[in-house]
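Reader: Could you take me through this structure? I would like to begin with the strands and then move on to other features.

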Amino acid sequence: MKSFVAVLRGPDHVFEFANAAHRESFGDRDIIGRARADVFSELNDQGFAAAPDQAYRTGRTVFLRDKPARFDFGPEGKPPQRRLDISYEPMRDASGAVTGLFVQGRDVTEISGHPLEARVVVGGMQTLSDAELLTLLLYHGTLDADSEDRATQLLARFGSLGGVLSASIPSLNQIVPNGQSNAHRSVPSSVAIHLKLAREIGRRILFKKITSRPLLSDSSLLRTYLKALLGTEPRERFVVLFLDASRRLIACETLGEGTLTHAPVYSREVVRRALELSAASLILVHNHPSGDARPSDEDVATTAQIERAAAILDIAVLDHLIVAGDTIVSLAENELLFPPRRFGGRRRH
C-alpha cells in the first residue's frame, strides 16, 4: 500500500511533502511547493477541496475514509479509479491559531485483510501474542502495512501491551524511532484514540461487573479491575472507591494525580466527596509506577489521616490497596490500618 505525508500551509493550501511516496501512488508529478488546486485539480471536483477548508475553519481533524477518487490519468499499471484514506490534522502556533494542516494520505484500493485475521477466524483471539494483537489493532486503525513494526516499537517503548494502552495520547503522538532504518514514525492522533478506545471498552466491561454485586463478594474481580485501571499508569494516581451501606460501589473517582513517586490527596476532600455521595465506607487505592508495591511510611500516615477524618462522620475506611503492575498489596491484610481492620471484621481494641 502506498501513502504520503505532507503539510498544507496557508489558505491556498500549499503542499510541502515530507516524503516522495506520493509519486508511487499518484504518478510522478512535480508538486512540491505547488498549490493544491494545481496539483490534483481533478479531485477538487469530487469533494476533496472541502475537507481542508473544514479543518482550517473548525480546528478539528477531518477524515476522508475509503473515498472514491477518479484521476484523469493514473500511475503506470494502476487504474484511474482509486480509493483513498486522507486525514487533515490542524497544526497550531504558540497562541493556538491554526497555521497549517498535517496531511496523511493512503491509497487503499488494493487493501485486503491482514494475514493474522485468518488465525483469529480459526483459533480465536487467544492464539495471538500481545505483539500480534497490537499489530492487528494498529492495522485496523491505520491500514498501514508496517503495523508490525509500529507494534514492536510501541511495546519496546512502553514495556507491555497494558503500557501502550495506558499511555497518554500526547506520548503516543511523539516520534517513535524505527530500529530497522534511519526513518522515524509517530502514532497519529486518530490511531492513539483508537488504542485508548480499546482500553476504555475493557475497563468499562470490568467496571460493570464489579458494580453488579456487593464489592467485597469477589475480591479477585476487584483486583483485576484495579490492575487494568492503574497497573500500567506511568504516574501515581490516588483513587477512592465509595460504597453504600450494602457495600455496593457508588463511584470510583480519582482524587489525586501526581508524579512518578507521589500523588497528593487531602483527607478533607475525600470525606467531603463521601458525604456528597452518601457513602458508608471507602476503599483507598493508589499505584506505585516503580513496580515496588510495599507501602511507604507516607502511605500508612495518609491512610491514618483519612481514617480519622472519616471516622468522625461514621464513614469506615475498609482498606488501602497499592497497585504495582500485576501486584496488589492490602494495608488491611498487613494490619497497617489505624486501628487495624480486615474486610468484614471488627475493629481490634
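**Strands, pocket and salt bridges**

Author: Strand 8 and strand 9 pair in the antiparallel sense, joined over seven bridges. Please keep in mind that this is a predicted model.

Reader: Which residue of strand 9 does Val239 stand opposite?

Author: Val239 faces Thr254 in strand 9.

Reader: And how many residues lie between strand 8 and strand 9 in the hairpin?

Author: Five residues lie between the two strands of that hairpin. In the turn, Arg247 has a positive phi of about 60°.

Reader: What is the strand order in the open sheet?

Author: The open sheet has five strands in the order 9-8-10-11-12, and the pairing is mixed. Strand 9 (249-257) and strand 12 (327-330) are at the edges with a single partner strand each, so one side of each has no neighbour in the sheet. On average, neighbouring strands of this sheet are turned by 20° against each other, direction ignored.

Reader: How many bridges join strand 11 to strand 12?

Author: Four bridges join strand 11 (residues 316-324) to strand 12, and the two run antiparallel. Within this pair, Ala324 stands opposite Thr327 of strand 12.

Reader: Which strands does helix 12 touch?

Author: Helix 12 (residues 267-276) packs on the sheet and touches strand 8 (237-243), strand 9 and strand 10 (281-287). The direction of helix 12 makes about 30° with that of strand 8.

Reader: What about helix 13, which strands does it lie across?

Author: Helix 13 (residues 297-311) lies across strand 8, strand 10 and strand 11, and its direction is at about 155° to strand 11.

Reader: Changing topic: how much space lies in the second largest pocket?

Author: That pocket holds about 330 Å³ of space. Its lining consists of 16 residues, of which Gly162, Leu165, Lys227, Ala228 and Thr232 are the closest to the centre.

Reader: Which helix gives the most to that lining?

Author: Helix 10 gives the most, with five residues. Helix 8 (161-166), helix 10 (189-210) and helix 11 (219-230) each supply at least two residues of the lining.

Reader: How does the lining divide by class?

Author: The lining of the second largest pocket has seven polar, five nonpolar and four charged residues.

Reader: Lastly, how many salt bridges does the count come to?

Author: The count comes to ten salt bridges. One of them joins the side chains of Arg119 and Glu132, at 2.8 Å from N to O. Arg119 belongs to helix 5 (residues 116-123) and Glu132 to helix 6 (residues 130-142), so the pair ties together parts that are 13 residues apart in sequence.

Note on methods. Residues numbered from 1 in each chain as written. Predicted model: local features only at pLDDT ≥ 70, side-chain atom pairs only at ≥ 80, totals over all residues. Heavy atoms only, no water. Pairing = 2+ DSSP bridges. Axes fitted to C-alpha atoms, helices over the stretch in contact; angles between N-to-C directions. Contact = heavy atoms within 4.5 Å. 1 Å grid on protein atoms, 1.4 Å probe; cavity = no way out; pocket = protein on both sides within 12 Å on 5 of 7 lines; lining within 4 Å. Points joined across faces, edges and corners; volume = space filled by probe spheres on them. Nonpolar A, V, L, I, M, F, W, Y, C, P; charged D, E, K, R; others polar. Salt bridge = Lys/Arg side-chain N within 4 Å of Asp/Glu carboxyl O.
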